[in-house]
Amino acid sequence: MPQYDYDLITIGAGSGGVRASRMAAQTGARVAIVENSRTGGTCVMRGCVPKKLLVYGAHFADDFEDATGYGWSVGHPTFDWPKLIENKDRELDRLEAVYHNILKNAGVTEINGTGRLTGPHTVDVDGRTFSAETILIATGGWPSMPDIPGIEHVISSNEALDLAELPRKIVIVGGGYIAVEFAGIFNALGVEVHEIIRADNILRGFDDTVRNALRDEMTKKGIHIHAETRVEAIDKDGSSYALRLDSDEILKADRVMYATGRAPNSHGIGLGDVGVELDAKGAVTVDAYSRTNIENIYAIGDVTNRVNLTPVAIEEGMAFVKTVYGGQPTAMDYDNIPSAVFSQPPVGTVGLTEEQARFRGPVDIYMSHFRPMKFTLSGRDEYSVMKIIVERETDRVLGCHMIGVDAPEIVQGLGIALKCGATKAQFDATVGIHPTAAEEFVTMREKLPDHAAE
């Protein structure tokens, strides 16, 4: 008789947990997955997917306007926010059904409820106890809010995806990728947008050229960026809200959204009770193989606060399965992970920023700044910027960064090149596809003087 009910119990049915569970089941393991919300997790239900659908919807505002430069007369288009939300929700329902089928077909048992560790091998789910030889924590992250007066009046990105009606004016607090993405969505749909950031610029941690270019493009589009500003309190004023800023200014809006960071979703699930170590931010501490300090308990994804991206959680899940059930101890490789910001215009980036690269040693910088061909007839005042960072001693490309139309699609391919250790000479030897924006990455020949990009 088996000693445990299951070989593996996964707590959290997001992208990482689902991938790890179904791949473990395919090795013959008896697997259960516990979820207290919708199967699919943050990315599918509250993040990447619904947000990208809203980005697509918002882009039509520019597309209709640009069409006139190409001879199209489309009249005066109208927009129906509730219809977009309805269609988005229908797609999420379809995707959740797909996830249920994937788990079912893999032989994974879904257990609905809140999982809480009661021992190294036991999980309580709303009063029911299940045991497993191995437990995987994949509970992701959750929006974090500062402790200021009136914070109960704000919404997070979760609620922003489900607003019943479009506000006339919104204040978005935060300068990270979630904040700038929603600022672009609401702005394109005709909402007056104010973005409040504590720092002097948006997108901390990204290359400075990208940060500056996106800030300038957002400002041109009419987004009001309040840099080096803090919110002291939020007061409800009838159907609107008044934000008291540290400059003594009062800023009013119909909605206030906070996107000031996310915290590991590690509390209330019994980790401390069984001795699993957490760091100062509440992230589960793991080794290179995603194992916690408890031998049979592992953790992947945002709850570990390593690299908080959906594809990374999926790869960590795959590495976990190879390690535990495949006899191949596998550590996730975190070098040269491509990422994107679906701002307007979007950002794509892979590798080191210029600052990071210069810290390692001498580098050469190549950069191109141009108006995309698409806008030559429409007259849109929007520019693209591409940047290549090269290690001077080895000629190896250390980083590629882009802001502009199709940036995420272009940089995905460059991620392969950097993963393979491509050199600038190999970039130069590659024939470009003409006419495309992407060809700029293989036609840049003139390096900039040191620090000119800054």
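Guide: Accessible areas here come from the Shrake-Rupley method with a 1.4 Å probe, and for residues only the protein chains shown count as cover. By that method the protein exposes about 21,400 Å², with carbon and sulfur atoms supplying 50% of it. This is a predicted model, where local features need pLDDT of at least 70 and side-chain atom pairs count only at pLDDT 80 or more, while totals for chains, interfaces and linings use all residues. Residues are numbered from 1 along each chain as its sequence is written, and side-chain values use heavy atoms, leaving out hydrogens and water.

Visitor: How do you know that the radius of gyration agrees with a compact globule?
Guide: The radius is taken over C-alpha atoms, and the globule rule is 2.2 Å times the number of residues to the power 0.38. For 454 residues the rule gives a value near 22 Å, and the protein has 24 Å, so the two agree. The C-alpha trace spans about 75 × 65 × 45 Å along its principal axes.

Visitor: Why is Ser290 called buried?
Guide: Buried means under 20% relative accessible area, exposed over 50%, and partly exposed in between (1.4 Å probe, protein chains only). Ser290 has 4%, so it is buried. In the protein, 50% of the 454 residues count as buried.

Visitor: And what makes Asp395 partly exposed?
Guide: Its relative accessibility is 26%, so Asp395 falls in the partly exposed class. Gly127, by contrast, has 61% and is therefore exposed.

Visitor: Which peptide bond at Pro345 is cis?
Guide: The bond joining Gln344 and Pro345, with omega about 5 degrees. Another cis bond runs from His434 to Pro435, with omega near -5 degrees.

Visitor: What makes a set of residues a nonpolar core?
Guide: Such a core consists of buried Ala, Val, Leu, Ile, Met, Phe, Trp, Tyr and Cys residues joined through side-chain atoms within 4.5 Å. The largest one has 38 residues, and Trp81, Phe182 and Leu214 are among those touching the most other members.

Visitor: Which residues does Leu214 touch?
Guide: Contact means heavy atoms within 4.5 Å. Not counting residues up to four places away in sequence, the partners of Leu214 include Val180, Pro345 and Ile403.
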